[in-house]
Amino acid sequence: MWSALGKYKAIVVSIALFLILDASVLSLNFFISFKIADDAVGVNLAGRQRMLTQRTVKSLYDLRLAEGDTVKQETALNELKTTYNLFNTTLTAFDKGGETKNANGETVVLKRVNSDAGRVAIDEAKIIWQPYSDAIAKVIAASGTAAMAQSLNSAIVIAGDKNLLLLKLMNDLTVNLEQVATHQATVLRYIQTGGITLAIINFLIILFHFIGELRQNDKFLEDARKETTDILDTVNEGLFLLDKDLVIGEQQSSQLAEIFGGKDARGLKFSDLIGDLVKPKDLETAQRFVNLLFRPDVKGNLISDLNPLNQVEINIPDEDGGYITRHLSFEFSRVSKDGELKNVLVTVNDITEQVMLARELEETKEKGEQQLEMLTSILHANPGVLKRFIQNAFDAYGRINKILKEQSKSPAVMQRKLNDIFIEVHNFKGEASALELDNFAEYAHVFEDDIQALKQQSKLAGNDFLKLAVHLESLIRYTESIKELADKLASFAFNQDPSSSVRSPTNHENVTSSDWKHLTKLCENVSQRDKKQAQLVLTGFDEAKINDDAQKLVNELSIQFIRNAVVHSIEHPEFRKARGKHETGRIDARLSRLPTGELELSVHDDGCGINYEKIRSKALMIGKWDKAEVEKFTHQQLLSLIFLPGFSTADNQNEDAGRGVGMDIIKKRIDQYQGKIKVSSSSGKHCQFTVTFPADAFAQNEIDTQQGKVA
Amino acid sequence: MTVPLKMLIVDDSNIIRRKIERGSDGEMFKVVGSADSGVAAIEKFKALKPDVVTMDLTMPKMDGIECISNLISIDPKARILVVSALSDKATGIEALEKGARGFLCKPFDEKKLSDALKELVQDYV
């Protein structure tokens, strides 16, 4: 029990002491007060004894004066009896202790007087009183006038002799009793003063003790508070408590304000803190989730998967009037006291960096996958051809960019711009297809689709070209990635085996035989897509010593001619069979240097040749010429139509035909190098395109090439 | 050795039911029945008076949310662990508001299930 009091021992002892002290003082007070009350009675009765001595003398004289008057005598005698008895009883009570009557006739008890002076006065009074009393008793007892007179005279004589002395003695007694009473009162005062002093001292001890304790407690609390504040100022998480009404507590970590853009959350509702930052549905779900945590039957550890704010993106206003995007993670933990769920501790972490890192990793992974895909897509291509393709691609992008940058609001110019871009993209696509760089071809096809869509738009605005710029941008990025990859591959191959044939050739190196294999592949692919069978035979390509420019052009033209041959001339196998031809069509591509120095490219196929009637009907459909005029067109005139921009005889638009730009490009390129084109066709038998370039068409570059070789 | 607690498995997937049965601690729990719909679950619950119920949310005839409401109206002290895929957190929260006491997200491994079941009956008397 005592040990259970613990730190309260001191206060219990202090209070017990205080109570004992008070009880003691009170008891003494009572005791002395009763004594003083007794003393007061004594003093009063002692004083009355003085008066009784005088009344006795007066009664004796009254009795003498009443001689002869029976009534008066009777009165005086009664007075004498009363006075005598009262004095005698009271004196006896003072002497021995006992009862007497007070002024009201009530019986009072007097204690024996023990003080020295009091005893002296009483003992002397008794000696004097004894004869005096006897004399008075005789007066009272006397019968007959003579006896009365005699006894009265003797009593008066004694009275005259002793009265004053008796009065003095009774006075002494009174004074003595008063002194005793005063002494008692003084003692009482001392006791009271002492008691009160002790009580005050005890009170002060208790007071100082408590002040000390309070100070110590305050210091402890202050230290604890400081520690808590230090912790809250230091932690990297936003911490705060929520009560059952979802009101935020008074204490929170400094980081919380940091996370929420300086907002003071104290006393706010949870909804006020995050209401503006998260979606209303998330806020509502979060509040419902926190309410679950206040339900004792719900297992807190078993609902963390349901936390709707475990990762949330918020936009916090910043000082410049903009927004900062942050990713936050809220964790909710129960806080119990005495088994009762009191609060929910909310821990807010800024996980922006982690989220960004995760995204970066994801992007890197995606990029890796994309690069792997790219790698797969270019592995089959000859490094030299690929390099040339990439170079051509960047050249084409440069030209497209230049076209896009042309400023003009004229519809005609805008249409022309669209046409020019379309030609470049289509050409690029053709080359990509030929090299089986399917990703490039797909990019270009989507690009083409958007250009086509714009071409069909009734009104064009500058902004419409933005979409094309975006396409170009993504093509450039993709090509750069491929270039990077191709360079790495080339250097890797070179490092592994410097003599390897797959190393990247320089700009001025002659093309190896494998550089033209893609044309064969192109023929196969286009045939397959068109459900035809065709075989390409290349002659002279490997032997012809031509520079980069000539190679680029030959490549470009060959691609268009071969594709056109498959799409427009070679018949479907069953059709060929019916005509008595071999199911597989043959395309002969020949490159040769003529004795005159001219460079000649001819592409011959054994297909159905040029269908002039189909060109005629297409010409009618375009509506550019009237019917009579078209009817009169010669074969030569009809042939010239296929070199017009946008003119195609293909029935459907697909990757290989139908856009009507292939021959247009061929014509442009040929003109660019002052070349000539010759077409010969025999319906149902064959078709041949022959292009001849002057000997000096690529001269400048030939010189460059020579110099390059010397260097 | 204490008497194992009676367990009822409610899930429309046979595979999941078997997985839960395998994952529950044999000494602590005894699977007394299983149900593939909310309606069947109520019947089994009345008949078998299980101590613990695992509850899927997406089921034919009667979904888990409605089933939980029914089970709680039969026995307000029913110990129900929702075992469900987390398509929508609000739905999971609603299941707990109706009276379920815990949520285990599918897919789960046996240890997770075992821990969740133990947590669910931790203060069971």
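Trainee: In chain B, which elements make a right-handed β-α-β unit?

Mentor: In this predicted model, strand 3, helix 3 (residues 64-74) and strand 4 of chain B together form that right-handed β-α-β unit. Strand 3 of chain B and strand 4 (residues 79-85) of chain B are paired in the parallel sense over four bridges, and within that pairing B:Val53 stands opposite B:Ile80.

Trainee: Which other strand of chain B pairs with strand 3 in the parallel sense?

Mentor: That is strand 1 (residues 5-10) of chain B, which pairs with strand 3 in the parallel sense over four bridges; here B:Val10 stands opposite B:Met55 of strand 3.

Trainee: How should I read the side chains of strand 3 (residues 52-55) of chain B, and which way do they point?

Mentor: The general idea is that side chains in a regular strand alternate between the two faces of the sheet. In strand 3 of chain B, B:Val52 and B:Thr54 point one way while B:Val53 and B:Met55 point the other way, and all of them are buried.

Trainee: Turning to chain A, what does its secondary structure come to?

Mentor: Chain A has 20 helices and 12 strands, and of its 711 residues 28% are buried. If you take the contacts in chain A between residues at least 6 apart in sequence, 63% of them join residues at least 24 apart.

Trainee: In chain A, what is the strand order of the open sheet of five strands?

Mentor: The order is 4-3-7-6-5, with antiparallel pairing. Strand 4 (248-252) and strand 5 (312-317) of chain A stand at the edges with a single partner strand each, so one side of each has no neighbour in the sheet. From one strand to the next the twist averages 35°. Inside the sheet, strand 3 (residues 238-242) and strand 7 (residues 340-350) of chain A pair in the antiparallel sense over five bridges, and A:Leu239 has A:Thr347 of strand 7 as its bridge partner.

Trainee: Why does A:Thr692 count as partly exposed?

Mentor: A:Thr692 counts as partly exposed because it has 17 C-beta neighbours inside 10 Å, whereas a buried residue needs 20 or more and an exposed one has 12 or fewer. A:Thr692 lies in strand 12 (residues 686-693) of chain A. Leaving aside residues up to four places away in sequence, A:Thr692 touches A:Glu598, A:Glu600, A:Gly675 and A:Lys676. A:Ile677 is 15 residues from A:Thr692 in sequence, and their C-alpha atoms are 6.6 Å apart.

Trainee: Finally, how many residues does the contact take from chain A and from chain B?

Mentor: The contact takes 13 residues from chain A and 15 residues from chain B. The side of chain A that touches chain B has seven nonpolar, two polar and four charged residues.

Note on methods:
Residues are numbered from 1 along each chain as its sequence is written. Chains are lettered from A and ligands numbered from 1 in the order in which they are written. This is a predicted model: local features need pLDDT of at least 70, side-chain atom pairs count only at pLDDT 80 or more; totals for chains, interfaces and linings use all residues. Two residues are in contact if their C-beta atoms, placed from the backbone, lie within 7 Å. Ala, Val, Leu, Ile, Met, Phe, Trp, Tyr, Cys and Pro count as nonpolar, Asp, Glu, Lys and Arg as charged, and the others, Gly among them, as polar. Helices (H or I, at least four residues) and strands (E, at least two) are DSSP runs, numbered from the N terminus. Two strands pair if DSSP finds at least two bridges between them. A crossover is right-handed if, with the strands pointing away from the viewer, the path from the first strand over the helix to the second runs clockwise. Axes are lines fitted to C-alpha atoms, for helices over the stretch in contact, and angles run from 0 to 180 degrees between N-to-C directions.
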